[in-house]
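Dear colleague,

Please find the structure below.

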Amino acid sequence: FKLTKKGNRLYGLGVCDMKGGIAAMIDAISQIDLNKLKYGIKLYFTYDEEINFSGIKSLMKMNINFPELMLFGEPTNNKMLIGSKGLLEYELNFIGKKAHSSNPERGISANINAINFMRDLMDFYETNVKNYKESKYEVEYTTMNIGIINGGTAVNSIPASCNATLDFRIVNEKHIELLKNKITELSKKYNCKTSILQEINPFINEISGIDLNKTANFITEASFIPKPKKIILGLGPVTAHEVNEYVTEKSYEKLVEQYKEIILKNCME
């Protein structure tokens, strides 16, 4: 919980994601003569970005006029990223009928319904979604992850309920509707209640002078803001969520200079 320096490394919980990025932004701003700006600068600091995105969602409800060019300080090892995959997350609740395992015909297994649901969905995903490639992303296809499956109460009991979660990282927004329609179809077939946890479109924007092949596989708050020029740029190495999270002083110093350069170019010329 306390910033600790060892050699060229700065250790601390959240130092990479996102405290270092916030510090670098404030550092960069403090080194600029704001009286000489021709165009204004706005700073936004949010919360709950990891799971529910509550901070950016609250901000969006305020109908703010966001700047045309925006920087997002997510850790990128000082590389500029100009796009991000989308996200589709589901919570699934399968409903069965409890019975003793010695007489399974008297029950309905929620677990088997979940297994069959996942099998059919995987077949659909492999045939209709995964085969599409978008070369601008490091992982070029829409990914599918069955994050949680939890059902049953005893080895000798037919399970009456089973809960599961699904996570898709989307490269083409058409995949969102394809998957939503298929999940709705399968939920009726396998007696499943569904709830969408997150639905975010992918984006790739063109910014002069920035390599269009550099995009993020992870989700950032840039995905929520409908502006044409968004740059994801932060510290390195990327040790977010790792034990002994750290960044290097060299990366921090470079990031401050990168932020200053972007500000000077876009706000003072």
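The following paragraphs set out what was found, element by element.

This is a predicted model, in which local features need pLDDT of at least 70 and side-chain atom pairs count only at pLDDT 80 or more, while totals for chains, interfaces and linings use all residues. Residues are numbered from 1 along each chain as its sequence is written, and side-chain values use heavy atoms, with hydrogens and water left out.

Helix 4 covers residues 174-189, which makes 16 residues. From its first C-alpha to its last it reaches 23 Å, close to the 22 Å expected at 1.5 Å a residue; the expected span is 1.5 Å times one less than the number of residues. Asn191, which follows helix 4, has a positive phi near 50°.

Which residues of helix 4 are buried? They are His175, Ile176, Leu179, Lys180, Lys182, Ile183, Leu186 and Ser187. Here buried means under 20% relative accessible area, exposed means over 50%, and partly exposed lies in between (1.4 Å probe, protein chains only). An α-helix has 3.6 residues a turn, so residues three or four places apart point the same way. The cover over the buried residues of helix 4 includes strand 5 (86-95), helix 3 (110-128), strand 9 (161-170) and strand 10 (192-200).

The next topic is the nonpolar cores. A nonpolar core is a set of buried Ala, Val, Leu, Ile, Met, Phe, Trp, Tyr and Cys residues joined through side-chain atoms within 4.5 Å. The largest has 24 residues, and those touching the most other members are Leu92, Phe94, Phe117, Leu121, Leu166, Phe168 and Ile183. Strand 5, helix 3, strand 9 and helix 4 each give two or more residues to this core, and helix 3 gives the most, with seven residues. A second, separate core has 17 residues, among them Val15, Ile82, Ile231 and Ile262.

Leu92 illustrates the packing. Leaving aside neighbours within four places in sequence, Leu92 is in contact (heavy atoms within 4.5 Å) with residues including Phe117, Met118, Leu166, Ile183 and Thr194.

Two strands pair if DSSP finds at least two bridges between them. Strand 5 and strand 9 run antiparallel and are joined by 10 bridges; Phe94 has Cys162 in strand 9 as its bridge partner. Strand 7 (residues 143-151) also runs antiparallel to strand 9, with eight bridges, and Thr143 stands opposite Arg169 in strand 9.

Finally, some backbone details. Where are the cis peptide bonds described here? One runs from Asp17 to Met18, with omega near 15°, and Met18 has its place in helix 1 (residues 15-30). Another joins Gly236 and Pro237, with omega about -5°; Pro237 is found in the loop between strand 12 (229-232) and strand 13 (246-248).

Asn63 is not a glycine, yet its phi is positive, about 55°. Asn63 is found in the loop between helix 2 (54-60) and strand 3 (69-72), and counts as exposed because its relative accessibility is 71%. Asn244, also not a glycine, has a positive phi of about 60°. Asn244 is found in the loop between strand 12 and strand 13, and at 56% relative accessibility it counts as exposed.

Yours sincerely

Terms used: Helices (H or I, at least four residues) and strands (E, at least two) are DSSP runs, numbered from the N terminus.
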